[in-house]
Amino acid sequence: MRLLVGDIGGTKTALGLAETDGGSVRLGETRRYPSASFGSLDQIVQRYLLETGATCRFAVFAVAGPIHDRRCETTNLPWVLDAEALEQSLGLTCVELINDLEAVAWGVPILSSDDLAELHPGDPCSQGNACVVAAGTGLGQAGLFWDGLRHHAFATEGGHSDFAPADDLEFALLTYLKSRFGRVSWERVVSGPGIVNLFDFLRFHHSVQAPDWLQAVIDTGGDTAATIAQAAADDQCPLCRETLNLFMRLYGREAGNAALKHMALGGVYLGGGIALKNLACLRRGGFLEGFFDKGRMGSLMRRMPVRVILQPNTPLLGAARFMALQ
């Protein structure tokens, strides 16, 4: 089967052509576009088809948001996607929409060892459910149910569950964010915007100012989260280092929460750009400390393998595999 596959996120949209044959997927002609530069997904797909000259009858789009009745109001874009409308506007026989983290989850079983970085080996003999947690523009989560023979992916919106503080600093963080946002979800602290929220909180908590060079990035609308993370990696700014350390501990805590809820003895997979770009910081210990810190469940957590997804095209591979298995 030949089909158009897409990964539609708040920051970028990736498109490619996939050939599926049973469980294998071959991917080609991948291109990425800045999502916010286009008024709709239709515009991006039309641009892609024009640039590549590609033709196909089927498409699967992995979308950052909940899917209901073949429609999705994207979480971090002002778009409403409708599969039937896309079929008509693009002249396709069939369009399927699936959650972007569900697509990642469908892709996990066909990743090679080179596509993964191990943070914790877990119990090599354990089998069972697995889960995916991905911090990027938002905080996506999905599950993989183990039926005894293979995994079946399913979507969740777990990243929007309530943030729960665990110590005095985090209670102060909750109070600070509650005054800004009202309800505080895990996505408010474990995501790219979450890094900025944590930095703003620590700056307020310590009554200090941002360094001039960082304030200039903030004032000009630059990528503040990436700048904070890089400054922490370069040991350039103590406040940035404290921010990223807090972020990693919280990321580990929420990944552990997801792992407990899915009983993920089959593995916990970290997706998204933040894990990929900050692998050295993930390995330093704060993430796993947060992950293992589950009281009486600590020994159970240590049985769960934890791996980082290095393959950036996993959502495209998973979208194609989803279609092939229907």
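A residue is termed buried when its relative accessible area is under 20%. The exercises below concern a predicted model.

**Exercise 1.** Determine how the rings of Phe163 and Trp186 are arranged, and where in the chain the two residues lie.

*Solution.* A search of the whole structure finds nine aromatic pairs. In the pair of Phe163 and Trp186, the centres are 4.9 Å apart and the planes make an angle of 85°. An angle over 60 degrees counts as edge-to-face, and the pair is accordingly assigned to that class. Phe163 belongs to the loop between strand 11 (151-155) and helix 4 (168-181), while Trp186 belongs to the loop between helix 4 and helix 5 (192-206). The pair thus links distant parts of the chain, 23 residues apart. Both Phe163 and Trp186 are buried.

**Exercise 2.** Classify the pair of Tyr176 and Phe201, and state which helices it ties together.

*Solution.* The ring centres are 5.7 Å apart with the planes at 55°, so the pair is tilted. Because Tyr176 lies in helix 4 and Phe201 in helix 5, the contact ties together parts 25 residues apart in sequence. Tyr176 has 16% relative accessibility and therefore counts as buried; Phe201, at 1%, is likewise buried.

Definitions and conventions:
Residues numbered from 1 in each chain as written. Predicted model: local features only at pLDDT ≥ 70, side-chain atom pairs only at ≥ 80, totals over all residues. Heavy atoms only, no water. Phe/Tyr/Trp six-rings, centres within 6.5 Å; stacked < 30°, edge-to-face > 60°. Helix = DSSP H or I, 4+ residues; strand = E, 2+ residues; numbered from the N terminus. Buried < 20%, exposed > 50% of the residue type's maximum accessible area, 1.4 Å probe, protein only.
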